[in-house]
Amino acid sequence: MEHTPLTDIRLSGQPGLAKTFQMQELRARFNPDGSLLRKQQMRMLRMLEVFDDICRRHEIRYWLSSGTALGCVRHQGFIPWDDDMDVEMLREDYKRLLQVLPRELPDNLALQCHETDHNYFFSYGKLRDRMSHLEETNGYDLVFREQGIFIDIFVLEPCPLWLHKLSCLTIGHVYKLLRTCPPGDEASVMPSVRRWYALNHRAVYPAFRLLARLCPKGRIRHTFGVPYHAPRRLADIFPLTTATFEGRRFPVPHDVDAYLRRMYGNYMQLPPLDDVSPHVGKLTIEGE
């Protein structure tokens, strides 16, 4: 797809007084200045600024996605309790990104994918901060080389729902290997994990991409092996626009309202705040 220059819009005008007070209450409850969560959010923001600058210089298209896009629209920044950050891009742009990032990133940041971390088995990449240490609640990251604060870089491509669900079965055995191994013995199953990764990415997923070419176009999903099935519409995403996130403008889908409604329904409605749960188990940050 030909690169399209970003347009620029303002998604939500000046907030009313009631909304301002609500934002202040949420910040005071979940991520006040100086809190560990706010420090993590600010570290992710600085990482995003580096990522954004590199992508702009090389005309690599990406956009804020999922909860990060929701926070951009509803809070003009992070969802107050959010402890992760998501961006998305098409597979063709991700392939270019893998070539560019390793040589462009400063020493304090690292691209994490299977090529840079052989124990990393996800089908998407992460931008990692090397001046922090983070433990996710799912425990899968214990075997990864890079374990700092991260931004998820999700990859999207055409895929019908039935084929996408089938692809996720091929990664299920990897999760099972890690879930069932004795605590502290994760390294013993990594040779099997790496073999399954090679089989999926060298044989199974290329065959699935050939099948996907026979299906109607216009909708895209996370790349094969990622257990999130919700579709995205190219018409909602391109041409990209920008919106304010924590005081700086970043790319978002062209029709971000339709994008978010397809994913969350009434996304402006806050969830039950007592049910909010973190992704991060333990976190230490250097230089704060």
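The model is predicted, and its secondary structure consists of eight helices and eleven strands.

Along the principal axes, the C-alpha atoms occupy a box of roughly 55 × 45 × 40 Å. Of the 288 residues, 50% are buried. The accessible surface amounts to about 14,000 Å², with carbon and sulfur atoms contributing 54% of that area. As for the contacts with a sequence separation of 6 or more, 71% are between residues 24 or more positions apart.

Attention now turns to the helix pair. Helix α5 spans residues 161–180 and helix α6 spans residues 190–212; the two pack at an angle of about 180°, and their axes lie 10 Å apart. Since angles over 145 degrees count as roughly antiparallel, α5 is therefore roughly antiparallel to α6. On the α5 side, the contact is formed by Leu163, Leu166, Ser167, Thr170, Ile171, His173, Val174, Leu177 and Leu178. Helix α6 contributes Met190, Ser192, Val193, Trp196, Asn200, Val204, Tyr205, Phe208, Leu211 and Ala212. Sorted by class, this contact between α5 and α6 holds 14 nonpolar and five polar residues, with no charged residues.

Notes. Residues are numbered from 1 along each chain as its sequence is written. This is a predicted model: local features need pLDDT of at least 70, side-chain atom pairs count only at pLDDT 80 or more; totals for chains, interfaces and linings use all residues. Side-chain values use heavy atoms; hydrogens and water are left out. Axes are lines fitted to C-alpha atoms, for helices over the stretch in contact, and angles run from 0 to 180 degrees between N-to-C directions. Helices (H or I, at least four residues) and strands (E, at least two) are DSSP runs, numbered from the N terminus. Angles under 35 degrees count as roughly parallel, over 145 as roughly antiparallel, 65 to 115 as roughly perpendicular and the rest as oblique. Contact means heavy atoms within 4.5 Å. Ala, Val, Leu, Ile, Met, Phe, Trp, Tyr, Cys and Pro count as nonpolar, Asp, Glu, Lys and Arg as charged, and the others, Gly among them, as polar. Buried means under 20% relative accessible area, exposed over 50%, partly exposed in between (1.4 Å probe, protein chains only). Accessible areas come from the Shrake-Rupley method with a 1.4 Å probe; for residues, only the protein chains shown count as cover.
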